[in-house]
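This briefing goes through a single structure by topic. Please read it alongside the sequence and the coordinates.

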Amino acid sequence: MTNQTLTAGKNAVTFKSFGVDLAGDLYLPEGFDPSQKYKTIVGASPFPQVKDQIPATYGPEMAARGFIYLGFDYLGMGDSPALPGEFKQSRYMFRLIENTWDAVSYLGTLPFVDEIYGLGVCQGGSIIASAAVTDHRIKKIAMVSGMMAADAFQWTDRNVANQLITASNASMQKMYETGEPDYVAPFGLNDEMSRQDFIDLSVNPMAGESYDYYGRDGAKGPLAVPNYTNMHIGDQAMQSLISIGEAYADKIVQPSLTIYSKSAFTAPCSTQFVEKLTNDHEELAFDEFSHVDFYYKPEAVKASTDAVAEFFNK
């Protein structure tokens, strides 16, 4: 935690999780007054992002709408350390949930924080939905282009899933035996590829739009975000292929909002999740945006953050 003077705009903060200091950015609204109370959002980002990507886009937008927003680097990512004896670029689902719980605990220590809400984008939607199942300190949740019902997305082709598992198992064994990290490009995109190289090599229908964000020459790729890399620890699939967001959907009690694009390849990750909800729930589907548009395209970000602000203000 930090005792520095906080001012409107972005403030660098730290908070404890797994015994180490995670690095965060706390976005405060214009005219911030520490003697007042503010509705506050804990943010959750897509895989494999750092706080200078989605949180740096959504944080200022939500602060401009009167909210406090906390974006942070998960354990082992960006400016946050790995645990002793472990390696960077290791973003494991169950730890992401615990990091989120600790972020909520940190926000609960701040005297100017009123109700706490959760806002997740892409994998962040699954993180927030999962964290909220047993953390009722989070009063409402919103998910944008979320991957909550990820099984349909990740397990449709069992052969491909099992190939990922085989490679992931081998990577874990190699790292255990050598004590050295084994880094891979989980989307097949490394930090040096051109856009055309990636499209030519990829079978992913989102390859072009993914590159435009994550690629070497993308809006938020390695050249634009110095502490970001497309390379990731090789045993990632052993945890990312386990997703509890959909399985526990009917246990969520907080009001929720799901925002997605009907035309996006990932739309079933939202629609199949919504079908299983039993809570007070709202759904907002767009025709004109893609999955990645919600990451940074101004019109898509405005549409989603306007809707989230309206929902959280009810």
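In which helix is Tyr 296 found? Tyr 296 is found in helix α10, residues 293-296. The model is predicted, so local features need pLDDT of at least 70 and side-chain atom pairs count only at pLDDT 80 or more, while totals for chains, interfaces and linings use all residues. Residues are numbered from 1 along each chain as its sequence is written, and side-chain values use heavy atoms, with hydrogens and water left out. Helices (H or I, at least four residues) and strands (E, at least two) are DSSP runs, numbered from the N terminus.

- Not counting residues up to four places away in sequence, Tyr 296 touches Asp 212, Tyr 213, Ala 219 and Val 301, where contact means heavy atoms within 4.5 Å.
- Tyr 213 lies 83 residues from Tyr 296 along the chain, and their C-alpha atoms are separated by 8.2 Å.
- Pro 181 sits in the loop between α5 (158-178) and β7 (183-184), and its relative accessible area of 33% makes Pro 181 partly exposed.
- Neighbours within four places in sequence aside, Pro 181 is in contact with Phe 87, Met 175 and Ile 233.

**Helix pair α1 and α11**

- Two packed helices are described by the angle between their axes and the distance between the axes.
- Helix α1 (residues 54-64) and helix α11 (residues 298-312) have axes that come within 10 Å and cross at roughly 50 degrees.
- Axes are lines fitted to C-alpha atoms, for helices over the stretch in contact, and angles run from 0 to 180 degrees between N-to-C directions.
- The two helices α1 and α11 are therefore oblique to each other; angles under 35 degrees count as roughly parallel, over 145 as roughly antiparallel, 65 to 115 as roughly perpendicular and the rest as oblique.
- On the α1 side the contact involves Thr 57, Tyr 58, Glu 61 and Met 62, and on the α11 side Val 301, Ser 304, Thr 305, Val 308 and Ala 309.
- That contact of α1 with α11 has five nonpolar, three polar and one charged residues; Ala, Val, Leu, Ile, Met, Phe, Trp, Tyr, Cys and Pro count as nonpolar, Asp, Glu, Lys and Arg as charged, and the others, Gly among them, as polar.

**Helix pair α2 and α3**

- The axes of α2 (residues 93-108) and α3 come within 9 Å and cross at roughly 65 degrees, and this crossing of α2 and α3 is right-handed.
- In α2, Met 93, Leu 96, Ile 97, Thr 100 and Trp 101 meet a set of α3 residues that includes Gln 123, Ile 127 and Ala 131.
- By class, the contact of α2 with α3 has seven nonpolar, five polar and no charged residues.

**Cysteines and helix α9**

- The whole structure has zero disulfides, a disulfide being a pair of cysteine sulfur atoms within 2.5 Å.
- For Cys 122 the closest cysteine sulfur is that of Cys 269 at 8.2 Å, which is too far for a bond.
- Cys 122 is buried, with a relative accessible area of 10%, and Cys 269 is buried at 1%.
- Buried residues of helix α9 (residues 267-274) are Ala 267, Cys 269, Ser 270, Phe 273 and Val 274.
- These buried residues of α9 pack against α3 (123-134), β6 (138-144), α4 (151-154), β9 (256-261) and β10 (281-286).

**Backbone geometry**

- Most residues other than glycine have a negative phi, and most peptide bonds are trans.
- Phe 47 and Pro 48 are joined by a cis peptide bond with omega about -5 degrees; Pro 48 is in the loop between β3 (38-44) and α1.
- Phe 18 has a positive phi, near 55 degrees, in the loop between β1 (9-17) and β2 (20-28).
- Ser 145 also has a positive phi, near 50 degrees, and is buried with a relative accessible area of 2%.

Key:
Buried < 20%, exposed > 50% of the residue type's maximum accessible area, 1.4 Å probe, protein only. Left-handed = near helix turned anticlockwise from the far one by under 90°.
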